[in-house]
Amino acid sequence: MPVELSKQIVLNRKSGEPFVTITYEESEGFIYVDWNGYLSVEMVQEGSEELLKLFKSIGTISKVLVNNQNISGPWSKANDWYANDWNPRAITAGLKHMGVVVSPNIFTQLSLQGFVEVSNGFTVKSFNAEDKAREWLKAAE
């Protein structure tokens, strides 16, 4: 009997509030990642590992849409880990395009800027609106 692919992963804080929701939007051809609140390095790593597991299990996509609009602080301490660990594994798994909807929080914006600087091997493009990010990803080859 084939294993059914979970289309949504929700990771919660100890309080029960979600810090990330990861959804495979099959009709769109990408995975949607919605981060929320203040994120520790451990939360960023845990969510990113779940994203990579889902990405690998699908195996036929190359695009991720990340919504950072609801993040309320820095996560730049995770950027070395992204550069040296996660990003190379994501590239090997087939990641080619990542659209990111920017947070209004300046510290989150600076963290994203650092992430973009360490993301060689796939394209990261920032957007102020989710609809623009979706349009870009749909058109990306």
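**View 1. Ser119 and its contacts.** Apart from neighbours within four places in sequence, Ser119 is in contact with Asn87 and Val124 (contact: heavy atoms within 4.5 Å). This is a predicted model, in which local features need pLDDT of at least 70 and side-chain atom pairs count only at pLDDT 80 or more, while totals for chains, interfaces and linings use all residues. Residues are numbered from 1 along each chain as its sequence is written, and side-chain values use heavy atoms, with hydrogens and water left out. Ser119 sits in the loop between α3 and β6 (123-127); helices (H or I, at least four residues) and strands (E, at least two) are DSSP runs, numbered from the N terminus. Ser119 counts as buried because its relative accessible area is 7% (buried is under 20%, exposed over 50%, partly exposed in between, with a 1.4 Å probe and protein chains only). The side chains of Ser119 and Asn87 are joined by a polar contact of 3.3 Å, and the side chain of Ser119 also reaches the backbone oxygen of Phe115 at 2.7 Å. A polar contact is a pair of N or O atoms within 3.5 Å; within protein, one must be able to donate a hydrogen and the other to accept it, and residues adjacent in sequence count only if both atoms are side-chain atoms.

**View 2. The crossing of α2 and α3.** The axes of the two helices, α2 and α3, come within 9 Å and cross at roughly 35°. Axes here are lines fitted to C-alpha atoms, for helices over the stretch in contact, and angles run from 0 to 180 degrees between N-to-C directions. On the α2 side Asn79, Tyr82 and Asn87 meet Ser111, Gly114 and Phe115 of α3. The residues of this contact between α2 and α3 divide into two nonpolar, four polar and no charged (Ala, Val, Leu, Ile, Met, Phe, Trp, Tyr, Cys and Pro count as nonpolar, Asp, Glu, Lys and Arg as charged, and the others, Gly among them, as polar).

**View 3. Buried residues of α2.** Asn79, Trp81, Tyr82, Trp86, Asn87 and Ala90 are the buried residues of α2. They pack against α1 (41-58), β5 (97-101) and α3 (106-117). After α2 comes Gly94, with a positive phi near 115°.

View 4. Lys77 belongs to the loop between β4 (63-71) and α2 (79-93). Lys77 counts as exposed because its relative accessibility is 74%. Between Lys77 and Val41 the C-alpha to C-alpha distance is 6.4 Å, although they are 36 residues apart in sequence.
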